[in-house]
Amino acid sequence: MSPSTLDTVRDAFTSICQQFQKSVEQGDAETIGTLYWDDAKILPPNMDMIEGKDTIQKFWQGALEMGIKSYEPEMIEVESSGNLGFLVGTYTLFGNEDQVINKGKVLTVLKNIDGKWKIYRDIFNSSIPLEEK
């Protein structure tokens with residue numbers, strides 16, 4: 001993989017993370033939905049897989065309504081192969097007064113179609129242990 005290809009993928013991830021951050025802060029699930037391809041899939045913790053941009057947008061709308069006020073991502077590793085980009089990273093979700101709601105790790109796959117990068121697959125898992133029952 002050439003350095004310019006990796007730089008392009010890294011730039012795409014940076015742009016998407018920044019748009020995601022801004023949209024969370026504005027409570028704008030509609031814009032979050034535009035970051036995903038129509039056939040995207042997300043694999044949230046403790047839930048079934050969610051398929052399709054519109055359903056994913058509804059998921060994020062619900063998450064925002066539950067009190068997520070800001071999002072802080074960290075890119076740890078970025079790779080690419082052909083028209084796919086791969087990110088391993090971490091995230092922290094904040095509520096009111098910068099209270100940590102959740103933090104965890106993420107594996108995101110971007111897909112490039114006609115020069116446009118969007119989220120194709122997204123899995124995220126909390127690093128906060130479940131309470132014992």
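Author: In this predicted model, five elements each supply at least two residues of the lining of the largest pocket: helix 1 (3–26), helix 3 (53–65), strand 4 (84–94), strand 5 (100–113) and strand 6 (116–126). The volume of this pocket is about 830 Å³. It is lined by 31 residues, and Pro45, Tyr91, Leu93, Asn102 and Phe124 are the closest to its centre. By type, the lining has 24 nonpolar residues, five polar and two charged.

Now the second largest pocket. Its volume is about 160 Å³. The lining consists of Ala12, Ser15, Ile16, Gln19, Thr34, Leu35, Lys116, Trp117 and Lys118. Helix 1 and strand 6 are the elements that give two or more of these residues. Helix 1 has the largest share, with four. Four of the lining residues are nonpolar, three polar and two charged.

Next, the packing. The largest nonpolar core holds 30 residues. Phe20, Tyr36, Ile42 and Trp60 have the most contacts inside it. Elements that each supply at least two core residues include helix 2 (29–34), strand 1 (36–43) and strand 3 (70–81). Helix 1 gives the most, seven residues. In soluble globular proteins, nonpolar side chains tend to be buried together.

Take Tyr36 as one example. Neighbours within four places in sequence are set aside here.

Methods:
Residues are numbered from 1 along each chain as its sequence is written. This is a predicted model: local features need pLDDT of at least 70, side-chain atom pairs count only at pLDDT 80 or more; totals for chains, interfaces and linings use all residues. Side-chain values use heavy atoms; hydrogens and water are left out. On a 1 Å grid over the protein atoms alone, a cavity is a set of points where a 1.4 Å probe fits but cannot get out, and a pocket is an open set with protein on both sides within 12 Å along at least five of seven lines; lining residues have an atom within 4 Å of a point. Grid points are joined across faces, edges and corners, and a volume is the space filled by probe spheres set on the points. Ala, Val, Leu, Ile, Met, Phe, Trp, Tyr, Cys and Pro count as nonpolar, Asp, Glu, Lys and Arg as charged, and the others, Gly among them, as polar. A nonpolar core is a set of buried Ala, Val, Leu, Ile, Met, Phe, Trp, Tyr and Cys residues joined through side-chain atoms within 4.5 Å. Buried means under 20% relative accessible area, exposed over 50%, partly exposed in between (1.4 Å probe, protein chains only). Contact means heavy atoms within 4.5 Å.
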